[in-house]
Amino acid sequence: QVPLVESGGGLVQPGGSLRLSCRISGNVRRAGSVAWYRQAPGKERELVAGMSATNTVVYGDSVLGRFTISRDIAESATTVELQMNALKSEDTAVYYCNAPYRPRGPPGEYWGQGTQVTVSS
């Protein structure tokens, strides 16, 4: 069973919105913390948003005020969503769900397969 599975990417016009979803299952859920990263062609991977087990949230400077991370814990799986509003062309990237999230630390050991977000008119 793949522990992190993302969905929700696609093509959107500038100013539009998208919602990404990450389903977390298995032992990965125990950490309770998760993050979204993204990587654009030719650029380094960057943290988009992270949520700790105690619901402390951190956003990357470039998305602050436009993106919102949320988490829903169910019996069978945890779902983490990234609501992206006021999208810009520079938000174009492959977005990855990652766990466990370590504030000010390196990314966790588990990665989703990635989902492409393209912002273009």
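Student: Are Cys22 and Cys97 buried or exposed?

Tutor: In this predicted model, both Cys22 and Cys97 are buried. A residue is called buried because its relative accessible area is under 20%.

Student: What do Cys22 and Cys97 form?

Tutor: In general, a disulfide is a covalent bond between the sulfur atoms of two cysteines. Here Cys22 and Cys97 form one, with their sulfur atoms 2.0 Å apart. The structure holds one disulfide.

Student: Why is the disulfide of Cys22 and Cys97 described as left-handed?

Tutor: The torsion about the S-S bond is about -85°, and therefore the disulfide is left-handed. Cys22 belongs to strand E3 (residues 18–24) and Cys97 to strand E9, so the bond ties together parts that are 75 residues apart in sequence.

Student: Which residue stands opposite Cys97?

Tutor: Trp36 stands opposite Cys97 of E9. The strands concerned, E4 and E9 (residues 93–99), pair in the antiparallel sense over five bridges.

Student: Which residue is the bridge partner of Trp36 in E5?

Tutor: That partner is Ala49. E4 pairs with E5 (residues 46–51) over five bridges, in the antiparallel sense. E4 and E5 form a hairpin with six residues between them, and Gly42 in the turn has a positive phi of about 80°.

Student: How many residues of strand E4 are buried?

Tutor: As a general idea, the side chains of a regular strand alternate between the two faces of the sheet. In strand E4 (residues 34–39), five of the six residues are buried, so the strand is largely enclosed by the rest of the structure.

Technical notes:
Residues are numbered from 1 along each chain as its sequence is written. This is a predicted model: local features need pLDDT of at least 70, side-chain atom pairs count only at pLDDT 80 or more; totals for chains, interfaces and linings use all residues. Side-chain values use heavy atoms; hydrogens and water are left out. Buried means under 20% relative accessible area, exposed over 50%, partly exposed in between (1.4 Å probe, protein chains only). Helices (H or I, at least four residues) and strands (E, at least two) are DSSP runs, numbered from the N terminus. Two strands pair if DSSP finds at least two bridges between them. A disulfide is a pair of cysteine sulfur atoms within 2.5 Å.
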